[in-house]
Amino acid sequence: MGNSSSISRYVTLQAINDSCEAGSLLSGSVLVTVPEKTNKSPGDLLIGTTLLFIGKEDVKVQYTTTESDGNNGTRSVTHYAYSKRDIIRAVVPLTLTPNSSISMNAGSYSIPFRYKIPEDLPSSFHHASHGGHCSIRYKLKLQFKGNDSKELALQIVSKPYNGPPLPHLVQPVTSPVFLCCCVPKGSITVAANVSNTRIAPGRQVVVDLGAKNESSSRVDVISATIYQRIHWKSSSHSSCSDEKIASSMFRVTEDMRAKNKEAMREMKRQNGAGVTKGPSSDDVYREILNAVRDGVNQVTLMIPADAKHSYMGTHVSVAHRLCIKAKTPSCITDPEIYVPLQIVPANISSGPSPSPYALATPMNTVNAYPDGWDPNSVTTVPVVHASYVGPVSYGGNEVTANHEIMNSTNAVPTAPPLPNPMDYAFPRLLKELDSCLSIKFKLEELLADPHWKSVISSIQPQEFISVLQKTRLDFDKLDVAQVLCPVIHNFTCSYSVAILRSVTNWLRIQFVQAMLPYIVDLKKNKEVLVAELSDWERISTEKDFETALLNGK
C-alpha cells in the first residue's frame, strides 16, 4: 500500500456546494479508510498528499494553414493551439498529519476542511465558438504523492459589487460630415450621459443624449447599442466573438434636423467673420451638458442575465462597450462614440451583507466512497479553523501545446519568506502587487500593516502611476486611486496633475472627482489643476470643485 495509486483507493473527496461566492467559506471532507491488518493512521495514509484549490484559464484556439497538396495546388489544414495558466493555486490545510493522535485502528475517517475563497476571484465561465473555447475553471484537487489525483469541479461567482454607481459624462465628439468622403456638409456633435458604467446582469443602464446637427445632412436615427467581445489566445493564435447584447433608439429632435441652405450660409458667414461657432465654445458645451442632464431624450438598456462578467486575463478577456451612432443617409459619414462598460456580479441581497464566512452547503458525494468505507461507523476529525491559510500562488504554471493538455502541472505552492524590516520599501510593494489578482484588495490588506501603511502613504507621483499600471482593467484603476488618495501625505494639485496625465481620456473626469476631496492645496493652487483640463472637463467638474473648496481644501 505504499504507492500513490493504491493509496488513492482508500482516500477520496466529499463534494461541497458546486456554486460558491468569492469570499465565502468552502467546506467539505476528505474521506479515508484505514484497512484491516495495517499499522497506519489516517495521517500516515496522507503522507505526500496535498489538497489544492485551483483556478485556471483554459483555452483552445482553432486556426488554419495553407499547405501544398502534392499536385501543384494547395489545401487548408486545421490546427489547434491549447493553453492553460493558473489564476490561483492554494494549499487547503487539513487536520491530520503523520503520527496524529487519532487512533490507528482500522475504520472510516472523515477529515473536514474549511477554506475561505479569496474575495477577488473572477467568475467561472465557458464560451465555445470558432472551433475552440475559452474557460475560467475552478476545482479542488487531492494530489497524491506521484501523479495520481482526485478532483472536484467548482463553480465560483465573483463577489458582488457593492460600490456606488459610476456615471460617465461623455465628452462631445464632433464629426465632420462628408458626402462621398470628399464634399464637406458641416458637422454633427454628439454627447451622452451614462447613468452607470459599472452595471450587473439583469440591471438597467440609462443613457441621456445630447446632439447638435450643424450640417446640411439629416440624421435618420441615433442608436445606443451594447456590445460584448470575448477574446482568447494561445501562443500567436487567437479567436474572438462579438455579440450585440442590448440596443435601443433615441428620438430625433429639432437639434438633430438638417440645416437648410440659409442656415448653412449664415454659419459660413459667421465663421468667416471670426465669430466663434462650434462645440469648442463654452456656450455650446453648456448647452449640450444641459441636454444630457435634463433627461429629455434618453433610452434604457437592460443588461441580459446571461451577459459575461468583464475580465482581463493573460489568455482570456471579456470586454463590453456602449456605442452611440448617428445614422445619416447613404454615402454620408455616420458619427459615433464609444463608452467602455464593466459588467459586474449583481448584489442580490436587499438586507444586511452576508457574513464573509457563510458556509457553502455540503451536497452528496460525487466521487465514489473509498474502498472499505463504512457509513455507519465514521470517526470525524476536528476541523481546521478557516483563519489558517496555506501557501498561495497567483498566476504562473503556464502550459502551451498543439495538443490537448490533460494535466498541466502538479506544482504545490510554498510559503514565501517572512519580510524583514528592510523589505518594507516601494520595490517590494510592487512585487507584492505582482502576486495578487486585485490591486485594490491587496492594498487594503497591506494598509492594515503599519509598516506597509508608512510606505504606501509616502509614495511619490511616479510611484503612484506605477501602481496604477499594475492594474489591468481601467475601471479598477479608479478603485485603486480611491484607496490611495486618502492615505497619501501631501497630496497636492501638482501630484494630481501627474496622475491625470497617466490615465486614459474617458476616465479623466472620474479621476478629478475622486482626487478633489484629498488635495491639500486646492484653494491655493486650483489653477494648476484647472489648466490641465479640457474645456469639457472643466465645465463638467465645476460643481465638484465648488464642493471641495467649500469643504475647506
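This is a short tour of a predicted model, stop by stop.

**Before you start**

Residues are numbered from 1 along each chain as its sequence is written. In this predicted model, local features need pLDDT of at least 70 and side-chain atom pairs count only at pLDDT 80 or more, while totals for chains, interfaces and linings use all residues; side-chain values use heavy atoms, with hydrogens and water left out.

**Stop 1: colour by confidence**

Colour the chain by pLDDT, the predictor's confidence in each residue, from 0 to 100. The protein chain has a mean pLDDT of 82, and 81% of its residues reach 70 or more. Now select residues 273–280, where the pLDDT is below 50; this stretch has 15 contacts in the model beyond near neighbours in sequence (contact means heavy atoms within 4.5 Å). Residues 349–366 also have pLDDT below 50, and there you will find 33 contacts beyond near neighbours in sequence.

**Stop 2: Ser123**

Next, select Ser123, in the loop between β6 (107–116) and β7 (125–129). Strands (E, at least two residues) and helices (H or I, at least four) are DSSP runs, numbered from the N terminus. Is Ser123 buried or exposed? Ser123 counts as buried because its relative accessibility is 10%; buried means under 20% relative accessible area, exposed over 50%, and partly exposed in between (1.4 Å probe, protein chains only).

Show the side chain of Ser123 and look towards Ser158, whose backbone nitrogen it reaches at 2.8 Å. A polar contact of 2.8 Å also joins the side chains of Ser123 and His309. (A polar contact is a pair of N or O atoms within 3.5 Å; within protein, one must be able to donate a hydrogen and the other to accept it, and residues adjacent in sequence count only if both atoms are side-chain atoms.) Leaving aside residues up to four places away in sequence, Ser123 touches Ile136, Tyr138, Ile156, Val157, Ser158 and His309.

**Stop 3: α5 with its partners**

Move on to helices α5 (residues 426–434) and α6 (residues 439–447), which pack at about 130° with their axes 9 Å apart. (Axes are lines fitted to C-alpha atoms, for helices over the stretch in contact, and angles run from 0 to 180 degrees between N-to-C directions.) The two helices, α5 and α6, are therefore oblique to each other. (Angles under 35 degrees count as roughly parallel, over 145 as roughly antiparallel, 65 to 115 as roughly perpendicular and the rest as oblique.) Display Leu429, Glu432 and Leu433 of α5 with Ile439, Lys442, Leu443 and Leu446 of α6 to see the contact.
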